[in-house]
Amino acid sequence: MLLDCVRSFQENCDINRYTIFIADTGSSTEEIDQIKKYIYGFDNVKLIEYDYYNFAKINNDVVKNHVSDDIDFLLFCNNDIKILNDVIHYIFRSNYLFSS
């Protein structure tokens, strides 16, 4: 599921407009190896491994310790979604329209 989610961003959104932070909370060693193999070479996909599960705490940790200050928007999503269009473009476009 996770790789389908990541792949849907890569297929539908401009790769220069986003960074994906994967907060893993308990995948098997085999699954982690598969994720690392898939994301190898993608500078905009980062894997962060946690040995516990606390949704809010992990999201806060990712933002505090891994997201740079130049990031304007955050989109939190679960691994069971697929992007069907360029949602990143629409987020930027909507922000531009509402801030003008």
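**Close-up 1. Pairing of strands β1 and β2.** In this predicted model, strand β1 (residues 20-24) and strand β2 (residues 45-49) run parallel and are joined by five bridges, where two strands pair if DSSP finds at least two bridges between them. Within this pairing, Phe21 stands opposite Lys46 in β2. Helices (H or I, at least four residues) and strands (E, at least two) are DSSP runs, numbered from the N terminus. Residues are numbered from 1 along each chain as its sequence is written. As the model is predicted, local features need pLDDT of at least 70 and side-chain atom pairs count only at pLDDT 80 or more, while totals for chains, interfaces and linings use all residues, and side-chain values use heavy atoms, with hydrogens and water left out.

**Close-up 2. The β-α-β unit.** Together, β1, helix α2 (residues 29-39) and β2 make a right-handed β-α-β unit, right-handed meaning that, with the strands pointing away from the viewer, the path from the first strand over the helix to the second runs clockwise.

Close-up 3. Ile32, Ile35 and Ile39 of α2 are buried, that is, under 20% relative accessible area, whereas exposed means over 50% and partly exposed lies in between (1.4 Å probe, protein chains only). These three residues lie on the same side of α2 because they cover an arc of only 60° around the axis, the arc being that of the directions from the helix axis to the C-beta atoms. On the other side of α2, the exposed residues are Thr29, Glu30 and Lys37.
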